[in-house]
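I opened a new notebook page for this structure. My entries follow in the order in which I looked things up.

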Amino acid sequence: MKRLYYWIKELLFPRRCMLCRRFLREQEIDLCHQCRLDAPEYPFGALNPAKQGKISGQFLDSFTAVWYYEEDVRESILRFKFRRATHLAPKFGALLAMKLLQQGPRPEEIDVLTWVPVSRRRRFRRGFDQCELLARAVGKELEIVPQRVLRKRRHTRAQSSMESVSARKANILGAYEVDKHADLRGKRVLLLDDICTTGSTMNECARVLLNAGAKEVHTAAIAAVRYHKK
Ligand SMILES: [Zn+2]
């Protein structure tokens, strides 16, 4: 009976690989075999890339990501973010949670799970906040209820439209504030974002969280831009 149900469901809604969009075989879950092997996995042990000068993140206690932001990973996140593929949120969330469980911080070392919010204007236009969906999905896996802690005070130009790290930093400085109802004193925070490009946004959010009394700010993203030493 279960097999019949599966067969009918497959016939009506064939499952696709979340990265390359190829149809999945029965035993494949979310990712096809090829993508499991070939996706550009973000390395373990790069616990604090900021300290290695890989991203700008002097306020981050740790950072991790599932993948590097390239090729099919990039396409997949863009579908999620701009083409309303919100069904991808639980899949990204499950993979990011797995990465966190393997690398840390462990769920019992996190007091507050939150996310980098979009501005109200962008949220209104898009209809959802992709990082909030991601935080809910990660929270479900880690059994932590995410909290809305940060607010974006003003609309900023898309960070991706800016080349230099200093331009990104200037663009984002003072753009976030901690909600006045949030009590972060002595708390260990896990902050989620969808993409980490230079770390400027996460770093600015971490600065604001630390100013509000947070003890530690750990960060994680679905994907991070690969660092090329110039
Ligand atoms: Zn695939």
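Entry 1, a term I need. I call a residue buried if 20 or more other C-beta atoms lie within 10 Å of its own, exposed if 12 or fewer, and partly exposed in between. I noted too that this is a predicted model.

I applied the term here: Arg84 has 13 C-beta neighbours inside 10 Å, so it counts as partly exposed. I found Arg84 in the loop between H3 and H4. Its phi is positive, about 60°, although Arg84 is not a glycine.

Arg21 sits in the loop between H1 and helix H2 (33-38). With 14 C-beta neighbours inside 10 Å, Arg21 counts as partly exposed. I wrote a reminder beside these entries: most residues other than glycine have a negative phi, and most peptide bonds are trans.

I checked the bond from Gly104 to Pro105 and found it cis, with omega near 5°. Pro105 belongs to the loop between H4 and S2.

I read a mean pLDDT of 89 for the chain, with 93% of its residues at 70 or more. Among the elements, S2 has the highest mean pLDDT (98) and helix H1 (residues 2-12) the lowest (76).

Entry 6, domains. The domain assignment gives me domain 1 (1-36) and domain 2 (39-224). Their centres, taken over C-alpha atoms, are separated by 29 Å. I found 6 residues of domain 1 in contact with 6 residues of domain 2.

I asked which residues have the most contacts inside the largest nonpolar core. They are Ala65, Leu134, Leu191, Leu192, Ile222 and Ala223, in a core of 58 residues. The elements that give two or more residues to this core include strand S1 (62-68), helix H3 (71-82), helix H4 (89-103) and strand S2 (112-115). Helix H6 (130-142), strand S5 (188-196), helix H8 (200-211) and strand S6 (216-224) are also among them. H6 gives the most, with 7 residues. Both domain 1 (1-36) and domain 2 (39-224) give residues to this core, so it lies between them.

I listed the contacts of Leu134, leaving aside its neighbours within four places in sequence. They are Ala89, Phe92, Gly93, Trp115, Leu192, Asp194 and Ile222.

S1 pairs with S6 in the parallel sense over 6 bridges. I looked up Tyr68, and its bridge partner in S6 is Ala224.

The buried residues include Ser200, Asn203, Glu204 and Leu209. The buried residues of H8 pack against strand S3 (150-152), helix H7 (165-172), strand S4 (176-178), S5 and S6. Gly213 follows H8, and its phi is positive, near 110°.

Conventions. Residues are numbered from 1 along each chain as its sequence is written. This is a predicted model: local features need pLDDT of at least 70, side-chain atom pairs count only at pLDDT 80 or more; totals for chains, interfaces and linings use all residues. A nonpolar core is a set of buried Ala, Val, Leu, Ile, Met, Phe, Trp, Tyr and Cys residues joined through C-beta atoms within 7 Å. Helices (H or I, at least four residues) and strands (E, at least two) are DSSP runs, numbered from the N terminus. Domain bounds come from an automatic or database domain assignment. Two residues are in contact if their C-beta atoms, placed from the backbone, lie within 7 Å. Two strands pair if DSSP finds at least two bridges between them. pLDDT is the predictor's confidence in each residue, from 0 to 100.
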